[in-house]
Amino acid sequence: MATYGTIPTSPTSPSSIPNNLNYIKHATQTIKDGLGTRHPWNLMFNPSSFNVPSGISSTLSRIRFNVSFFCMNYAIVILLTLFLSLLWRPISLIVFTLVMAAWLYLYFLRDQPLVLVGRIVDDHVVLVFMAVVTVALLLLTRASVNILVGVLAGVVVMVVHAIYRKIDDLYLDEEEGLVNNVVDGATS
């Protein structure tokens with residue numbers, strides 16, 4: 001008996017409703033959780049956490065630690081400056097948008113470590129690989145000056161922040177291997 005084009009008279013069961021709503025809820029939660037692994041922007045730009053380093057060794061120590069601590073934040077800043085530099089190059093912007101989808105999937109929104117040929121791939125390897133792929137694909141669109149300006153502007157912002165951001169209120173959580181903020185009960 002063919003029922004094509006007929007309207008069902010009984011209410012549909014929850015199992016027959018498409019899982020589009022569940023998929024959207026899961027994607028939204030994944031985005032929130034994925035962006036939650038970056039450190040809060042107010043921690044990154046706390047005005048009381050900036051001062052001039054005392055010497056070259058202090059400067060290099062700050063750069064190393066802050067780049068490690070704010071790695072995802074810095075990646076977002078560099079990608080944002082790259083995006084802004086490509087606003088006047090529509091083809092490059094389309095390519096960048098497509099590559100951004102790969103960034104979201106492979107770097108920002110992963111729930112679990114990336115496994116390739118049975119081996120876990122480190123986040124830093126994924127970061128470098130995605131950066132190289134992004135720049136290579138954008139160079140194919142002949143936007144080299146825009147790319148250079150965007151990436152250099154982002155790197156300058158990152159280095160200046162890393163030099164002047166104190167590391168006294170940041171620490172490495174040894175148990176999880178993650179970097180976290182120290183919460184001082186006296187300042188709350």
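**Exercise 1. Decide whether Ser49 is buried or exposed, and find what lies around it.**

Solution. Ser49 is buried because its relative accessible area is 3%, and buried means under 20%, exposed over 50% and partly exposed in between, with a 1.4 Å probe and protein chains only. The model is a predicted one, in which local features need pLDDT of at least 70 and side-chain atom pairs count only at pLDDT 80 or more, while totals for chains, interfaces and linings use all residues. Residues are numbered from 1 along each chain as its sequence is written, and side-chain values use heavy atoms, with hydrogens and water left out.

Setting aside residues up to four places away in sequence, Ser49 touches Tyr164, Arg165, Lys166 and Asp169, contact being heavy atoms within 4.5 Å. Finally, the C-alpha atoms of Ser49 and Asp168 are separated by 8.4 Å, although these residues are 119 residues apart along the chain.

**Exercise 2. Work out the order of helices and strands in the chain.**

Solution. Begin with the count, which is seven helices and four strands. Read along the sequence, these elements follow the pattern α-α-α-α-α-β-β-α-α-β-β. For the chain as a whole, 29% of the 188 residues count as buried, and among contacts with a separation of 6 or more, 75% are between residues 24 or more positions apart.

**Exercise 3. Identify the residues with the most contacts inside the largest nonpolar core, and the elements that build this core.**

Solution. A nonpolar core is a set of buried Ala, Val, Leu, Ile, Met, Phe, Trp, Tyr and Cys residues joined through side-chain atoms within 4.5 Å. The largest such core has 21 residues, and Leu86, Trp103, Tyr107 and Phe108 have the most contacts inside it. Two or more residues come from each of helix H4 (71-85), helix H5 (90-108) and helix H6 (123-139), and H5 gives the most, with seven residues. Leaving aside neighbours within four places in sequence, Leu86 is in contact with Ser92, Leu93, Phe96, Leu138, Ala143, Asn146 and Ile147. Apart from this core lies another, of nine residues, including Tyr74, Ile78, Ala162 and Leu170.

**Exercise 4. Compare the UniProt record with the helices of the model.**

Solution. The unreviewed UniProt entry lists residues 65-84, 90-108, 120-139 and 145-164 under "transmembrane region"; its positions are given in the numbering used here, feature names are shortened, and annotations may be inferred rather than shown by experiment. In the model, residues 90-108 are 100% helix and 0% strand, with end C-alpha atoms 24 Å apart. Residues 145-164 are likewise 100% helix and 0% strand, and their end C-alpha atoms lie 28 Å apart.

**Exercise 5. Find where Val117 and Arg142 lie, and describe their phi angles.**

Solution. Val117 is placed in the loop between strand E1 (114-116) and strand E2 (119-121), and its phi is near 55°, a positive value in a residue other than glycine. Val117 counts as exposed, at 81% relative accessibility. Arg142 belongs to the loop between H6 and H7, and has a positive phi of about 60° although it is not a glycine. Arg142 is exposed too, with a relative accessible area of 72%.
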